[in-house]
Amino acid sequence: MDFDFYRNFCVIAEAENITKAAQKLNIAQTALSSQVKKLEQNYGVQLLKTQQGKKKCELTPAGVSFLKRAKAICKLEDDLVLDMQEFSSNIAGTISIAASHGRSRYCLEKYIVPFIKLHPDISYKYIEITVDAQVDAIRNGNLDFAFANAAIPTYPELGQIAQGREYFYVFYHQNTPVPWQEDEYVLPQQLHNLPICTNELQFHTLRKVFSEQELKINIKYLANTVNICMNICQELPVIGVVACMEDDPVPKNMLRKQIKADNLYFEQTFFWNKNRQLSPAAFAFLNYFQQGSR
């Protein structure tokens, strides 16, 4: 029996709907239904039942037992592949990764590019989406991993590795006059009513801190990404307020200083779905990331 039949059955059981499972697997619904029938014919039992007039499919008692065994078969096959790859030194497949806006370059340089050099046969799907979208995609099984610049809600199925904090900095052109030229840090009071450019994610946190200190925040430009914000600050006499890591590069002809204020930071989190069966390629990346984070 084709191993994919067992894997696909696990997806059907999770989705509780053949149509949704087919969309997730990117195969025709008729082909997926045919796989289930072949499994039922091969083992001589009914695995799924669908109530008339309802799209939701349920596992029969035999289906519940079959699902447990199918997961064990898939894990055994994955373990076998990994064992054999120790002899071939080649890991292939595709890894799907998402990053928060503004974190792509950091993630690429620190983790993905070095891993690519170790395993050149692996392919990647790499996207930038919001933290909420990352959580939904990970929980739904549409992504292998995500890098979020925010704290992640606690869900039992999510595995997490904290990556430190991303603090807020002011960015400005070196020719822009600023009141903190000789100061080590920038205080929120020094930003009172100055023209600011920030992105949507930072704006909500920034507004909250300014409101608590009864300061006026003057958002002159609101960008949807950090890169756009940086481009605006390079061309116009505005102050960019962006969260970043200490070792992030500073754009040419720009200066930056950290804003000294409680709660002006984002948590950096790497996370994945512990309940999802990772491919050998994804499993190798997780091991690589865990070793690099110790």
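Start by selecting helix H7: its buried residues pack against strand S6 (158–173), strand S7 (195–199), strand S8 (218–223), helix H8 (226–235), strand S9 (239–244) and strand S11 (265–273). Contact here means heavy atoms within 4.5 Å, and buried means under 20% relative accessible area with a 1.4 Å probe, protein chains only. Helices (H or I, at least four residues) and strands (E, at least two) are DSSP runs numbered from the N terminus.

A word on what you have open: this is a predicted model, where local features need pLDDT of at least 70, side-chain atom pairs count only at pLDDT 80 or more, and totals for chains, interfaces and linings use all residues. Residues are numbered from 1 along each chain as its sequence is written, and side-chain values use heavy atoms, without hydrogens or water.

Stay on H7 and show the side chains of Gln202, Phe203, Thr205, Leu206, Val209 and Phe210, which are buried. Just after H7, click on Glu214, which takes a positive phi of about 55°.

Next, select strand S10 (residues 254–258), where four of the five residues are buried. S10 runs antiparallel to S6, and five bridges join them; strands pair if DSSP finds at least two bridges between them.

Finally, turn to the lining of the largest pocket, and colour it by class: nine nonpolar, ten polar and 13 charged residues. Here Ala, Val, Leu, Ile, Met, Phe, Trp, Tyr, Cys and Pro count as nonpolar, Asp, Glu, Lys and Arg as charged, and the others, Gly among them, as polar. Select H1 last, as H1 gives the most to this lining, with seven residues.

Terms used. Buried means under 20% relative accessible area, exposed over 50%, partly exposed in between (1.4 Å probe, protein chains only).
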